[in-house]
2 protein chains.
Amino acid sequence: MLPFSRITIIGLGLIGSSVARAIRANMPDVRITGYDADSGVRESARGLNFCDDVADNAGTAAIDADLVLLAVPVGAMGDVATSFAADLPVDAIVSDVGSCKQSVFDALAKALPGATIIPAHPVAGTEKSGPESGFASLFEGRWCILTPPDDAPEVAVERLKTFWQRLGADVEIMDARHHDMVLAVTSHLPHLIAYTIVGTADDLEDVTQSEVIKYSAGGFRDFTRIAASDPVMWRDVFLSNKDAVLEMLQRFSEDLTALQRAIRYDKGDELEALFSRTRDIRRSILEQGQDDDAPDFGRKH
Amino acid sequence: MLPFSRITIIGLGLIGSSVARAIRANMPDVRITGYDADSGVRESARGLNFCDDVADNAGTAAIDADLVLLAVPVGAMGDVATSFAADLPVDAIVSDVGSCKQSVFDALAKALPGATIIPAHPVAGTEKSGPESGFASLFEGRWCILTPPDDAPEVAVERLKTFWQRLGADVEIMDARHHDMVLAVTSHLPHLIAYTIVGTADDLEDVTQSEVIKYSAGGFRDFTRIAASDPVMWRDVFLSNKDAVLEMLQRFSEDLTALQRAIRYDKGDELEALFSRTRDIRRSILEQGQDDDAPDFGRKH
């Protein structure tokens with residue numbers, strides 16, 4: 001049994017196009033309609049042929065869907081939903097793939113009063129953007145978190161859960177605010193720090209940019225991967241999950257200050273104790289299959 | 001012409017054992033003697049057979065070398081050098097592979113008065129430790145920075161340069177203090193930040209450690225790789241390159257505070273401008289062959 005038979009994806013970048021490709025790979029009988037606000041992206045999507053149809057406006061795309069999936073920057077969710085509100089079938093489920101959930105739910109609920117809205121977040125991605133960057137296996141073995149509101153119909157939640165499982169994901173149900181706190185530390189704070197350190201390095205006067213690039217294999221290059229992620233998407237994430245992000249930033253800054261002090265006053269034992277503890281966390285991530293064990297991320301040597 | 005014919009490596013962990021393996025692979029006629037202060041590591045090294053001989057003390061190891069290469073934590077360099085000072089051949093060159101250079105030179109010069117000391121730093125490594133983690137191709141296409149003192153014999157510098165080139169590295173000559181500043185930003189600061197954020201995540205009350213691990217694919221896992229690096233080695237690096245590290249930390253903290261403020265006051269344009277700039281730096285690193293272009297570091301999907 002297919003959980004949905006006519007799926008509309010709005011936003012055909014890395015994630016939207018990967019969902020389409022994963023549906024094709026795992027549920028080939030599902031009819032996929034796509035739409036993107038950018039006409040160039042629509043053109044690329046037609047050429048790449050991962051949708052059965054690419055519509056020229058959001059209303060036309062949504063009109064016969066049983067699932068409408070929004071894969072646009074979280075700050076754009078409300079406006080996009082408004083653009084197809086009049087055409088949304090009454091029994092359709094509306095979901096999304098955004099990286100913060102409470103603000104997205106609020107925006108969708110306001111734009112689509114009475115609709116069945118079940119926000120979701122597949123914790124997967126790469127630093128690449130655009131429809132040509134997607135691939136069908138992106139969600140395999142990754143977690144997808146659903147954050148249904150308390151009054152969401154159970155059968156709708158089950159259908160969406162089955163959908164993500166069919167794409168290879170493990171599904172977890174979570175409260176939206178808790179999701180936003182968890183992702184603030186596992187995803188938003190890392191991105192913010194990566195963006196910052198890359199900017200800091202770029203601003204130095206005594207060390208040239210070419211030196212930073214040449215010697216980046218000493219550790220810096222690890223940070224540049226996520227600092228190459230989509231700027232608009234991440235701008236929206238930080239502004240939409242402001243409270244949790246600022247809370248995590250505050251904690252991180254305090255910890256960094258403590259470490260700075262340990263260095264200044266030669267407290268080698270404190271440093272070594274922290275550095276030993278952090279090794280164990282890496283080990284757990286490897287054990288749970290959330291990263292590769294190959295040295296250096298498996299880069300070629 | 002071989003730059004050296006009898007090389008002694010002191011410290012047989014990831015880097016020391018990789019140097020031995022790379023010598024075997026690229027200059028098979030060179031006789032390699034190894035020594036490590038840890039008897040278990042000496043035993044492993046004998047089993048792994050990447051040295052012609054593993055000596056049981058540093059003096060015996062150094063006694064007939066024309067190059068003595070120290071691959072121990074930077075805080076241990078002085079003591080290790082003292083331990084073989086009486087046995088060092090008068091025409092031998094002493095070098096090292098440490099991640100900071102001025103403090104290492106000072107320690108070696110004090111322990112080995114009159115010796116020819118040319119510090120070096122191959123900017124290469126992985127997050128793994130120990131003699132079983134080394135491999136021969138570790139230095140291929142990576143930079144090795146030599147920081148000879150002003151009065152170093154030119155011919156000695158040339159020999160060491162040739163040595164590293166034969167292992168596949170590109171060699172750069174640099175002032176020791178400038179090296180320490182460059183590496184503070186490209187390597188030491190990234191490690192410090194990675195250790196901090198992994199510690200911050202581990203200390204949360206509202207988000208469990210198991211949640212941090214489960215959802216680490218959102219970005220956090222990138223930071224855990226270098227936070228799994230050798231604790232003693234890194235403790236020593238931060239304490240030995242204190243001034244440059246504290247300077248970079250200060251700059252980073254200021255930049256992070258500015259970003260925090262931009263989020264608090266909804267300055268989306270500032271965020272987007274920074275995030276676009278950092279993309280270009282990633283692009284340059286890829287163009288210069290210092291990282292792989294495969295999405296997600298080429299992790300399996």
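Guide: In this predicted model, the axes of helix 7 of chain A and helix 11 (residues 242-264) of chain B come within 9 Å and cross at roughly 125 degrees. Because of that angle, helix 7 of chain A is oblique to helix 11 of chain B. The crossing in which helix 7 of chain A passes helix 11 of chain B is right-handed. From helix 7 of chain A, the contact draws on A:Leu192, A:Thr196, A:Ile197, A:Gly199 and A:Thr200. Helix 11 of chain B contributes B:Arg251, B:Phe252, B:Asp255, B:Leu256 and B:Leu259. Sorted by class, the residues of this contact between helix 7 of chain A and helix 11 of chain B are five nonpolar, three polar and two charged.

This crossing may now be placed within the interface between the chains. There, 96 residues of chain A are in contact with 96 residues of chain B. On the side of chain A that touches chain B, two or more residues come from each of helix 7 (176-202), helix 8 (209-214), helix 9 (220-226), helix 10 (231-240), helix 11 (242-264) and helix 12 (268-287) of chain A. Helix 7 of chain A supplies the largest share of that side, 19 residues. In terms of class, the side of chain A that touches chain B comprises 47 nonpolar, 23 polar and 26 charged residues.

The domain assignment gives domain 1 (6-175) and domain 2 (178-293) of chain A. Taken over C-alpha atoms, the centres of domain 1 and domain 2 of chain A are separated by 29 Å. The contact between these domains takes 16 residues from domain 1 of chain A and 18 residues from domain 2 of chain A. On the side of domain 1 of chain A that touches domain 2 of chain A, there are five nonpolar, eight polar and three charged residues.

Terms used. Residues numbered from 1 in each chain as written. Chains lettered and ligands numbered in written order. Predicted model: local features only at pLDDT ≥ 70, side-chain atom pairs only at ≥ 80, totals over all residues. Contact = placed C-beta atoms within 7 Å. Helix = DSSP H or I, 4+ residues; strand = E, 2+ residues; numbered from the N terminus. Nonpolar A, V, L, I, M, F, W, Y, C, P; charged D, E, K, R; others polar. Domains from an automatic or database assignment. Axes fitted to C-alpha atoms, helices over the stretch in contact; angles between N-to-C directions. Parallel < 35°, antiparallel > 145°, perpendicular 65-115°, else oblique. Left-handed = near helix turned anticlockwise from the far one by under 90°.
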